[in-house]
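Below is a short report on one model.

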Amino acid sequence: YFGGVGGSVIGTGLFFFPKGGVKPARLMLRSAIETLLKGITAKEKPTVLIDKSVVSVLATAKKTVFFSNPTTKKLFDQLTAKYVLLCEDIHTATSANMALASSMASFTEVTYKDLLVTNEMAANITQMLCNVCTLFFAADFHKIHFSNKDLIFNCLTLQTKRNLRNSDEHP
């Protein structure tokens, strides 16, 4: 369920992106990270689903067995680092994180650099989330059709591929 919601959130964010909606796209990427981490954590710690504090959710997720091996811990650390960057769009008051529109009637201006940075971040976060989901659902990954498996395998990191090949869940 949470993987689907996380994917839907990323898709919605990317819908805004071509029209210059960099900030909404970044907010949706942030939400995708929250949602997926909460969903994965819920398997071990179901009370995380009612937790309203993202700081608490991240602290709980970090303590799970799933995020305790070196590969998943590294992915968790990378995702939380991206999450912190994305939070700056909401929780900071610097000009770099503001649209700086001169009046309510004007549209915000988006630079090519803003688009490139957000595009790179979206691709990077999507790849990290794919790695996390593939490791979390390793048993299911080993059962899917080879053509779909190959498509997913192409976006995984070398370490994730090694973990999957050595997985106890492999049939």
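## T160 and its surroundings

The side chains of T160 and T157 are joined by a polar contact of 2.9 Å. A polar contact is a pair of N or O atoms within 3.5 Å; within protein, one must be able to donate a hydrogen and the other to accept it, and residues adjacent in sequence count only if both atoms are side-chain atoms. T160 lies in helix α8, residues 158-165. Helices (H or I, at least four residues) and strands (E, at least two) are DSSP runs, numbered from the N terminus.

T160 is buried, at 0% relative accessible area. Buried means under 20%, exposed over 50%, and partly exposed in between, with a 1.4 Å probe and protein chains only. Not counting residues up to four places away in sequence, T160 touches T71, L75, N131 and L135. Contact means heavy atoms within 4.5 Å.

## Basis of the model

The model is predicted: local features need pLDDT of at least 70, side-chain atom pairs count only at pLDDT 80 or more, and totals for chains, interfaces and linings use all residues. Residues are numbered from 1 along each chain as its sequence is written, and side-chain values use heavy atoms, with hydrogens and water left out.

## Overall fold

The chain has eight helices and zero strands. Buried residues make up 35% of its 171 residues. Of the contacts with a separation of 6 or more, 64% link residues 24 or more positions apart.

## E34 on helix α2

E34 sits in helix α2, residues 22-44. E34 counts as partly exposed because its relative accessibility is 24%. Its side chain makes a polar contact of 2.7 Å with the side chain of Y83. Leaving aside neighbours within four places in sequence, E34 is in contact with V54 and Y83.

E34 and V57 are 23 residues apart in sequence, with C-alpha atoms 8.2 Å apart. V57 is one of the buried residues of helix α3 (residues 54-62), along with L58 and A61. These cover an arc of only 95° around the axis, so they are on the same side of α3. The arc is that of the directions from the helix axis to the C-beta atoms.

## Packing of α2 and α5

Helices α2 and α5 (residues 112-136) pack at about 15°, with axes 10 Å apart. They are therefore roughly parallel. The contact involves, among others, L29, I33 and L36 of α2 and M121, I125 and L129 of α5. Axes are lines fitted to C-alpha atoms, for helices over the stretch in contact, and angles run from 0 to 180 degrees between N-to-C directions. Angles under 35 degrees count as roughly parallel, over 145 as roughly antiparallel, 65 to 115 as roughly perpendicular and the rest as oblique.
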